[in-house]
Structures are given as structure tokens and as C-alpha cells.
Amino acid sequence: MAPERTHLSVADARELSEGALRGIGYDAEEARIIADHAIDAALCGYEYSGLPKILNLPESEHFKLPRRPITVLRESEISLALDGGNNVGMLALFHAAEATIKKAAAHGLALVSMSDAWMSGRSAYYVEMIANAGLVAIHTAASSRLVAPPGGIEAVLGTNPVAIAIPSSRGPIVLDMGTSAFMMTDVLMRERLGQPLPEGVAIGPGGEPTTDAAQARRGALLPFGGYKGFGLALMVQALGVLAGSGSEQTSDYGYLFIAFRPDLVGPADVFEHRVTELIERVKATPRQAGVDEIRIPSERAFRERERARRDGIEIDRRVFDALIAWRRRAN
């Protein structure tokens, strides 16, 4: 029997999410920012990064430590190094993305780093936000040790996503990919709901292959694509070291934003038009038998978001009940 599901309108999902976040301990503005991130993930069809992610916050070891205001470590006209003050990444990186937009819009180029923040959510959320301001955006996110190198049995790297967004006349083109074969947020949701993992994405504490989410958390995830995914993850981790190099805090977490105005190298409208032509050419590729459409990165997510804005979302009843319990603490 399929697990019981609860249907929510977008307005209901927002009220529930913000209420739960206030119950967890965030103020109204913080709750709005974090909830918007989680709801957008849910609308795009990434349930594990949606409302269930809110439940991961109070369970994190970082949440139990004191928070500090976000502070500036170093700044120039085109760069900004920030200390996240042990704030959740969905909050800290929202402010970093806003700062990236402001600097790149004013000076053409921006390099913004964030250290001492955790659980940043979907990288696509930030780069789409930057691309909507007419900028090209690149974002790397180094995280805690969850992924073993090929041949290893101990986690030494993060899931370390890379995201790129490019403006076009049809809207932003967004790529967001983790360098691990599976994302830890999805592991946490499956452990919460008692669901197995796919085969080949994780190992247990002794290095044995496992589909058990709890065993995977005691062991390690694997990189996607063997050495290629591992190499990319290693470089993202190194960029995370750069992001944290100006901070007194020692952490595996480090986030970097690079953004620039397309008109630095040519007319922005010409660039956007040519990107659109490129996408249309890719989509017009002759298809193999049984293939209905050539899709580009994030196209499915964007379509799902438009549908879900009208029709609402569904979440597991156990997640709904847990969020209700947190919301009651806000009253």
C-alpha cells in the first residue's frame, strides 16, 4: 500500500513551513526566506529538498551551536568574503546571492565566498536568482564529509554540487548537479520514511554495498561516474577551502559565487539570443525511437513548478504531522 499523502496548496505549504520554522526558533523574516527555498524545491519536484528538509534543521549538530550575525571578513569592489556565523545555508547563501547580484550589476563581475554555514539546499535556487538579474552565475558548494573516493571505504569529501545558470531570451538555463551518486538530503528522507536507496550509490561502514539508508549514513556515499565525479568533487572541496581561508572557523563547508554581466564581452541581447538558438538546436536533434523530447537541464523542473503552482504539492503524511507539531510550538 502506498504511504498516506497529504495535498497542500502553495499558500497552505507556505503557512505550514513558516509556522514550523518559527516553532523551530527562526524569526518571521528568516522563516520566510528558508520556507521560500524549501517550497520552491517542492514545486520543482524535488520532494526530499522540499518540506522534509525543514525537519532536518533541528536535528543537525550545527543547529545546536550558537548562531552569530553574518559578518564581512574582506571586501573589494568586486569581491566579498563572508562569515556565515553558523547560520543555516538556506538563509546565509540567500544573502550571499543578493550581494553577488549587487556587486556584479555595479561592477560587471563579482566573487563572493561564504564560510561557516551549513545545509545550503538546492544550488539551482541561487543561480537562477542571479541569472534572473541578467547575469551569468557559477556556484560551488563544498560540504561535510559524506562521500568516499573510488576504492576508499571512508567519507572524505562532500556531496559538493556545482551549479551554473545562463540567461537566455527564453529564461535562465540552469544546471545543478551533485558530484555524489545520491544526495544526502534524499538519504535522510528515505531513512525517515523507511525507504531503501538505489543500488550502487552507497557503502556501509565496512565498505560493503548497501541500500539501507541508516547504514549509508554510517558508511559513505559514492561519487557519480567513478573518477570523473571524484575529480570534480575534489576541485569543489578545494574551492571550499578557498571560501573558508579567511575565516577563523575550521569547517568542511565553503561556498563560492562567481557572476558577471554578459555585456563585458559582447552585447547582452545578442548573447541571450544565441544561447536561445543553441538550446533550440539541441532540442531539434533527431530523436531515437520511443523518445518524445530532448530536454535541457531544469526544463522538467520548471514545467513541474508551473503545474504545481496551480495544482499544489503532496507530501508524506508523517512529514506533514511532524511539521504540524513544530508549528504548534510557535503558538
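**View 1. Arginine 5 and glutamate 314 meet in a salt bridge.** Their side chains come to 3.7 Å, N to O. A salt bridge here is a side-chain nitrogen of Lys or Arg within 4 Å of a carboxyl oxygen of Asp or Glu. This is a predicted model, in which local features need pLDDT of at least 70 and side-chain atom pairs count only at pLDDT 80 or more, while totals for chains, interfaces and linings use all residues. Residues are numbered from 1 along each chain as its sequence is written, and side-chain values use heavy atoms, with hydrogens and water left out. Arginine 5 lies in strand β1 (residues 5-8) and glutamate 314 in strand β11 (residues 313-316), so this pair joins parts 309 residues apart in sequence. Strands (E, at least two residues) and helices (H or I, at least four) are DSSP runs, numbered from the N terminus. Arginine 5 is partly exposed at 35% relative accessible area, and glutamate 314 is partly exposed at 44%. (Buried means under 20% relative accessible area, exposed over 50%, and partly exposed in between, with a 1.4 Å probe and protein chains only.)

**View 2. Glutamate 299 and arginine 303 pair within helix α10.** The two residues sit 4 residues apart, about one turn of the helix (residues 299-311). Glutamate 299 is buried at 7%, whereas arginine 303 is partly exposed at 44%. Look around this pair for a network of salt bridges that links Arg170, Lys283, Glu293, Glu299 and Arg303.

**View 3. Arginine 318 forms a salt bridge with aspartate 316.** The closest N and O atoms are 3.0 Å apart. Aspartate 316 is buried at 2%, while arginine 318 is partly exposed at 44%. The count for the model comes to 28 salt bridges.

**View 4. Helix α4 (residues 89-107) packs with its axis within 10 Å of that of α5.** The axes, lines fitted to C-alpha atoms over the stretch in contact, cross at roughly 20 degrees. That makes α4 roughly parallel to α5 (angles under 35 degrees). Residues making the contact (heavy atoms within 4.5 Å) include Met90, Leu93 and Phe94 of α4 and Tyr125 and Tyr126 of α5.

**View 5. Serine 120 sits in the loop between β4 (109-118) and α5 (123-131).** Is serine 120 buried or exposed? At 9% relative accessibility, serine 120 counts as buried. Leaving aside neighbours within four places in sequence, its contacts include His37, Ala141 and Tyr255.

Terms used
Axes are lines fitted to C-alpha atoms, for helices over the stretch in contact, and angles run from 0 to 180 degrees between N-to-C directions. Angles under 35 degrees count as roughly parallel, over 145 as roughly antiparallel, 65 to 115 as roughly perpendicular and the rest as oblique.
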